[in-house]
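Please have the structure open while reading.

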Amino acid sequence: MLDVRQRNVKNKKEIINSSKYIILNPKEYLGKWKSLFNNSNPIYIEIGMGKGDFILENAKRYPDINFIGIEKYDSIIALAIKKIEVLDIPNLKLIRMDALEINEVFSHEIDKVFLNFSDPWPKPRHAKRRLTSEVFLEKYDNIFKKDKIIEMKTDNRNLFEYSLVSFTNYGYIISEISLDLHHSDYPDNIMTEYERKFSLKNNCIYFVKVVKLQ
Ligand code: SAH
């Protein structure tokens, strides 16, 4: 199977630099994302948005919420832009960056974080790279406006178990959970690219919403 990450998208730099959705200088908006959207609506971010199906569909469905998709790789975000650029969606922005830098970009202004099918980093010595490790949970603390809300979906059981422990050790409480999202009573689920692919293979999709009150 060809991993999208290894696919080289021609002209990816030009696609990124000329996109109306991309914020090229995100650090300049630290603490000021409200002004970029020109409203005080909640801001939800997806870290590792891939080709963007989930964040795009959310933005269309919930115009009174602002959405920001974050993706580390040029080639992948370029594919997302190709899909989105033809549309006009004022409540959607994209950032090409590594989530390690998230505290330089957001400060006390985010209402919810989505983590969908994050890289599992299965080797124990790489555990700190998982987006649900304590390293990242500490960073997320300072991006949230008030209550901290994270929603996670994955088909990777090991990553899911690890994340539940990591969240609860860090003071989050589980507010919703499903061990088989597609066969549970969860309304209005928006599918990601990986979710579509893995559910076609009949993998279970795990879902959890965790909350840490201020
Ligand atoms: N959310 C999408 C893609 C999942 S694959 C879906 O569900 O279909 C995980 C994605 O996270 C990849 O595109 C990868 O490039 C991105 N990613 C991994 N680590 C990241 C990081 N530290 N910062 C930003 N993006 C990251």
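In this predicted model, a backbone N or O atom of Glu193 lies 3.3 Å from an oxygen atom of the ligand. Taken alone, the ligand exposes 570 Å², and 97% of that is buried by the protein.

**Around the ligand**

- The ligand has 18 residues around it, and those that come nearest are Gly48, Glu71, Ala99, Thr192 and Tyr194.
- Sorted by class, this shell holds eight nonpolar, four polar and six charged residues.
- Gly48 places a backbone N or O atom 2.8 Å from a nitrogen atom of the ligand.
- For Asn116, a backbone N or O atom is 3.0 Å from a nitrogen atom of the ligand.

- Is Glu195 buried or exposed? Its relative accessibility is 0%, so Glu195 counts as buried, the cut-off for buried being under 20%.
- Leaving aside residues up to four places away in sequence, Glu195 touches Phe117, Lys153, Leu181, His182, Asn189, Ile190 and Ile205.
- With Asn189 there is also a polar contact, side chain to side chain, at 2.8 Å from Glu195.
- Phe54 is 141 residues from Glu195 in sequence, while the C-alpha atoms of Phe54 and Glu195 are 9.8 Å apart in space.

Notes:
Residues are numbered from 1 along each chain as its sequence is written. This is a predicted model: local features need pLDDT of at least 70, side-chain atom pairs count only at pLDDT 80 or more; totals for chains, interfaces and linings use all residues. Side-chain values use heavy atoms; hydrogens and water are left out. A residue is near a molecule or strand if one of its heavy atoms lies within 4 Å of it. A polar contact is a pair of N or O atoms within 3.5 Å; within protein, one must be able to donate a hydrogen and the other to accept it, and residues adjacent in sequence count only if both atoms are side-chain atoms. Accessible areas come from the Shrake-Rupley method with a 1.4 Å probe; for residues, only the protein chains shown count as cover. Ala, Val, Leu, Ile, Met, Phe, Trp, Tyr, Cys and Pro count as nonpolar, Asp, Glu, Lys and Arg as charged, and the others, Gly among them, as polar. Buried means under 20% relative accessible area, exposed over 50%, partly exposed in between (1.4 Å probe, protein chains only). Contact means heavy atoms within 4.5 Å.
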